[in-house]
Amino acid sequence: MENHSKGVLAQKSYDFAIKIVFLSQKLNTKKEYVLSKQILRSGTSVGAMVREAKFAQSNADYIHKFSIALKEANETDYWLNLLYDTEYISGETFKETAGLCNEIISMLIATVNTLKNK
């Protein structure tokens, strides 16, 4: 994968978005369009907000962008759990995707807390 923005969080969130796009496509083949659309929206928003933070207009805006990314990651975790519990995705897919999602959530929490304590 090409590094689309500097930083581990930016790269992980971009890679996560790619996984979510493929997952959404897979759900569409099962004719599950509503959940597919929900997870596609929230899962790709994480990286978009991290990327958008690069050009924040102020420190408060910078924190706000990362906070929104955190909310979107948390929502995506919800959809992943729902898809797994309703057997739309396998245990292997869930473990891999939710693991990356939770890693990103941890990174976002640390980032937001560090920024707020500056």
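The questions and answers below concern the packing and salt bridges of a predicted model.

User: Against which helices do the buried residues of helix 4 pack?

Analyst: Buried residues of helix 4 include Phe-94, Ala-98, Cys-101, Ile-105 and Leu-108. Leu-108 is also among the core residues that touch the most other members. The buried residues of helix 4 pack against helix 1, helix 2 and helix 3.

User: Which residues of the network of salt bridges are linked with Arg-41?

Analyst: Arg-41 forms a salt bridge with Glu-72, with the closest N and O atoms 3.1 Å apart. Arg-41 lies in helix 2 and Glu-72 in helix 3, so this pair ties together parts 31 residues apart in sequence. Arg-41 also forms a salt bridge with Glu-75, at 2.5 Å between the closest N and O atoms. The residues linked with Arg-41 in the network are Glu-72 and Glu-75.

User: Is Lys-65, which meets Glu-52 in a salt bridge, buried or exposed?

Analyst: The side chains of Glu-52 and Lys-65 meet at 3.0 Å, N to O. Glu-52 counts as partly exposed, at 38% relative accessibility. Buried means under 20% relative accessible area. Lys-65 has a relative accessible area of 12%, so Lys-65 is buried.

Key. Residues are numbered from 1 along each chain as its sequence is written. This is a predicted model: local features need pLDDT of at least 70, side-chain atom pairs count only at pLDDT 80 or more; totals for chains, interfaces and linings use all residues. Side-chain values use heavy atoms; hydrogens and water are left out. A nonpolar core is a set of buried Ala, Val, Leu, Ile, Met, Phe, Trp, Tyr and Cys residues joined through side-chain atoms within 4.5 Å. Buried means under 20% relative accessible area, exposed over 50%, partly exposed in between (1.4 Å probe, protein chains only). Helices (H or I, at least four residues) and strands (E, at least two) are DSSP runs, numbered from the N terminus. Contact means heavy atoms within 4.5 Å. A salt bridge is a side-chain nitrogen of Lys or Arg within 4 Å of a carboxyl oxygen of Asp or Glu.
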